[in-house]
Amino acid sequence: MTPAIQLLNKHKISFEVLKFEHDPGITEFALEATQALALEPHKVFKTLVISVDGRLSVAVTPATQMVDLKAFAKSCKGKKAQLATQQQAENATGYQLGGISPFAHKKRLPVILHNSALNYDTIYVSGGRRGLELALSPTALKTLCLAQVADF
């Protein structure tokens, strides 16, 4: 059981666990989940750690699109954003790249949820391990993570 699942259980959040066998040759983790679980691609969200003016934040964004770093920086009231290094992301969250969940990070990080998530009753995010997805309400994610909602 991952820290993300433990946190959801602790707060009595309704969610579903979906598992698949991760292919070690694949590095497009969210798209792999989409295909392996036959999910609608626009409802699968990837979790990225982004450095904004040297401070780390978490972007939860559709797997089907790239993050507009300039817009993301603006949503964080910053000027310059870049993807965190693998080591920065893993150290801050406690999760392995490709299994970073929006929940239960080692360090408290601000979470920004892409506004398109609110168009759906259910979205899919990493459960804290490669090959593990969670299905839950975007409102529950927003509430539990104290997430801001923005278009980036």
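Trainee: Where does A38 lie, in terms of the helices and strands around it?

Mentor: A38 sits in the loop that runs between α2 (29–36) and β2 (45–52). Those labels come from DSSP runs: helices are H or I with at least four residues, strands are E with at least two, and both are numbered from the N terminus. One heads-up: this is a predicted model, so local features need pLDDT of at least 70 and side-chain atom pairs count only at pLDDT 80 or more, while totals for chains, interfaces and linings use all residues. Residues are numbered from 1 along each chain as its sequence is written, and side-chain values use heavy atoms, with hydrogens and water left out.

Trainee: What is the phi of A38, then?

Mentor: Start with the general idea: most residues other than glycine have a negative phi. A38 isn't a glycine, yet its phi is positive, near 55°. D53 is another such case, with a positive phi of about 50°. You'll find D53 in the loop between β2 and β3 (55–62).

Trainee: Is A38 buried or exposed?

Mentor: Here's how to read that: buried means under 20% relative accessible area, exposed means over 50%, and partly exposed is in between (1.4 Å probe, protein chains only). A38 has 69% relative accessibility, so it counts as exposed. D53 has 38%, so it is partly exposed.

Trainee: Why does S101 count as buried?

Mentor: Because its relative accessibility is 0%. S101 is in the loop between α4 (86–93) and β5 (111–114).

Trainee: Which residues does S101 touch?

Mentor: A contact means heavy atoms within 4.5 Å. Leaving out residues up to four places away in sequence, S101 touches A4, T47, Y95, S126, G127 and G128. With S126 there's also a polar contact (a pair of N or O atoms within 3.5 Å; within protein, one must be able to donate a hydrogen and the other to accept it, and residues adjacent in sequence count only if both atoms are side-chain atoms). The side chain of S101 reaches the backbone oxygen of S126 at 2.9 Å.

Trainee: What is the strand order in the open sheet of three strands?

Mentor: Two strands pair if DSSP finds at least two bridges between them. Here the order is β1-β7-β6, with antiparallel pairing. β1 (15–19) and β6 (123–126) are the edge strands, each pairing on one side only. β6 pairs with β7 (residues 132–136) over four bridges, and V125 stands opposite L134 in β7.

Trainee: Which strands pair with β5, and in what sense?

Mentor: β3 and β5 pair in the parallel sense over three bridges, and β5 and β8 (residues 148–150) also pair in the parallel sense over three bridges. Look at L113 in β5: V60 stands opposite L113, and L113 stands opposite V149 in β8. Both faces of β5 are covered, with V111 and L113 buried on one side and I112 and H114 buried on the other.

Trainee: How many residues line the largest pocket?

Mentor: A pocket is found on a 1 Å grid over the protein atoms alone: an open set of points where a 1.4 Å probe fits, with protein on both sides within 12 Å along at least five of seven lines, and lining residues have an atom within 4 Å of a point. The largest pocket is lined by 36 residues, with T27, F29, K46, T47 and L48 nearest its centre. Elements giving two or more residues to that lining are α2, β2, α4, β6 and β7.
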